[in-house]
There are 2 protein chains.
Amino acid sequence: SVGHVALVGAGPGDPELLTLRAARLIGQAGVLVVDHLVSDGVLDLARPGAERIYVGKESGHHTLPQEEINALLVRLGREERQVVRLKGGDPYIFGRGGEEVEALLEAGISFEVVPGITAACGASAYAGIPLTHRDHARSVVFATGHRRAGQDALDWSVLARPQQTAVIYMGVGQLAAHCAALIDHGRGAATPAALVENATSPRQRVVTGTLETLPEIAAQAGIRPPALLIVGEVVSLAGRLQPTASRPAEAALAV
Amino acid sequence: SVGHVALVGAGPGDPELLTLRAARLIGQAGVLVVDHLVSDGVLDLARPGAERIYVGKESGHHTLPQEEINALLVRLGREERQVVRLKGGDPYIFGRGGEEVEALLEAGISFEVVPGITAACGASAYAGIPLTHRDHARSVVFATGHRRAGQDALDWSVLARPQQTAVIYMGVGQLAAHCAALIDHGRGAATPAALVENATSPRQRVVTGTLETLPEIAAQAGIRPPALLIVGEVVSLAGRLQPTASRPAEAALAV
C-alpha cells in the first residue's frame, strides 16, 4: 500500500451538496485534514475510526500556517495512508489548493483533486439568485475580500462593470468599503446587492438591498462571516425565485 | 400528490461529480427533461421506468426553443409528476435556469434548484489548472462565447485584465477571434491559454499554448465543442499539476 492524498471540495455547507466521489473518498479515508468551513454533516460520512486533524482557517485566524498544512499533508502522504484534505467549497477557487498540490508534487506524493460546489453556486441556488441571466448578466466574476499584507486592492474597475454579476467571497468585514468602491468605480448606487450568510446551511440568511443600503441593512441584521456579497441586477430576482421547496427548510429570505 | 420540478445541475460529465442530492432526485424522478450535454452515466441513475424527454441544446442547434422547454416543464409539473430538469454543469451559470424557474413560478408550480459542478471547476480539477492562485490570479471570470443575434460583444476589456483567470464557455467556434480580442485589449500574446475538450469525461483532452499559439495548436489537435477556453498564468501549472491518480484514467494532457 502506498500513500495518497485527495484534495476534496466539501461544498458550501449542506452535506447533500457533496459529490458522489467526495462522499466515497471521505468514507474510505484513514485520516482527514479539515478546514474551518467544512460542516459537521460532511464529517459524519467518515469512518468512525478515521483520524481527524483540524487545521481550521478563518479569515485572519489561521490555526495552522499554510506552509505547515503543506508539510502535514506531505508527512501524512509519506506514512502510506489514505489522506483526504477537505476544503470548503472548491479546492481551486480561493482554496489555495494549488499550493498544496505543488507541495505534494515536489515531494513525489500521489494526489488527486475533486472539485466541489463553490459557495457562489450554492448561495445562488438556495437564495434564488441566478449568477448569469440572458437579460441581466452575461458574465460572472468571483473575487475574495480576504487579502494578505501588502497585496494590491481588488480590481474594482472590473468588479464594477455593468451586465455582470460580481461575487465577493469573505466580504462581510469590509462590506461598507466594498460597496463604496463599487460605486466609486461606476456601479450605480441603486444596483441590487445581497449578502448570503452560511449559504446552504440550515442557518442560511439572505439580506438584500442596494449598494447604497446594504451595509446598513446587513449591520442591523447582524450578518457575520462566512458570507458572500453578490452584486448585480440578478439580485432583484432573489425574492421571486426563492425555491418553494427548499432544503434546508429553515433557509429563508430574512429581509 | 402534487407536481414538483427540480432543476438539477448534472455537472460537467463524470457521473461521480453529481451531488448526493442530484443523484437522489434523479433516482426518484418520474420524468427527466434532459439537455444535450448531460452524460449517459448520469442518466443511468434514473429508475428503469422513468420517462426521458430530450430537449438537447447545442450551440446554434436548439432541438426545442427555450419557450417550449419552459412550457413543457409547466405542463409536466401540472400533471402532478416528479419532474427532474437535468442541465449540464450548474443551472444558474449559462444554463438559463432563471428563465425556467420564472416560468414555473408564474404557473404556480413548486420547484427547487440543485447546484452542480460547473464545467470550469471540473476542467480545473481534472486538468490541473487552479482557477485562482495567490501568486497568479486573485479573481476568476466566467463568460460565454455563445451569443444570441443582435447581442453585444463580450466585455473584452474585463476579460483581458491581468492577475485574473478568464474562462470562456463554448469558446471553440470563435477561438481565433477570442484570442485576438484578448490581445487587442491588452492581454500579452504570451499569456498561457488552454482549451479543455469534454472536461472530466473519459474523452477529456487538454491542449495548452499561448494566446498567440493556441488557435493553431487547437486546430491541429482537432478540438471540437464542448470545450472551455481558460486564459491566465495559472495555465502554466497545467502540466505540473496534472493529477497523478486522475479518474477517468484516460484523461491526459494531449499536448
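This is a predicted model: local features need pLDDT of at least 70, side-chain atom pairs count only at pLDDT 80 or more; totals for chains, interfaces and linings use all residues.
Before you click, some ground rules: residues count from 1 along each chain as its sequence is written, while chains are lettered from A and ligands numbered from 1 in the order in which they are written. Local features need pLDDT of at least 70, side-chain atom pairs count only at pLDDT 80 or more, and totals for chains, interfaces and linings use all residues; side-chain values use heavy atoms, with hydrogens and water left out.

**Stop 1: the interface.** Show both chains. Contact here means heavy atoms within 4.5 Å, and 69 residues of chain A meet 69 residues of chain B in this way. The two chains bury about 5,800 Å² between them, 55% of it from carbon and sulfur atoms; buried area is the accessible area (1.4 Å probe) that two parts lose on being put together, summed over both. Now select Tyr92(A), Arg134(A) and Arg138(A): they supply 15% of the area that chain A buries against chain B, more than any other three residues.

Stop 2: Select Arg24(A) and Glu16(B), which form a salt bridge with closest N and O atoms 2.8 Å apart. A salt bridge is a side-chain nitrogen of Lys or Arg within 4 Å of a carboxyl oxygen of Asp or Glu, and there are six between chain A and chain B. The chains also share 25 residue pairs in polar contact, both at pLDDT 80 or more. A polar contact is a pair of N or O atoms within 3.5 Å; within protein, one must be able to donate a hydrogen and the other to accept it, and residues adjacent in sequence count only if both atoms are side-chain atoms.

Stop 3: Elements giving two or more residues to the chain A side include helix H1 (20-28), helix H4 (97-106) and strand S8 (139-144). Helices (H or I, at least four residues) and strands (E, at least two) are DSSP runs, numbered from the N terminus. S8(A) gives the most, with six residues. Select residues 139-144 of chain B as well: five bridges join the two S8 strands, which run antiparallel (strands pair if DSSP finds at least two bridges between them). Val141(A) has Val141(B) as its bridge partner.

Stop 4: Most peptide bonds are trans, and most residues other than glycine have a negative phi. Select Pro225(A) and Pro226(A): a cis peptide bond joins them, with omega about -5°. Pro226(A) lies in the loop between helix H8 (214-221) and strand S12 (227-231). Next, Gln163(A) has a positive phi of about 55°.

**Stop 5: confidence.** Color by pLDDT, the predictor's confidence in each residue, from 0 to 100. Chain A averages 90, but residues 245-255 of chain A stay under 50.
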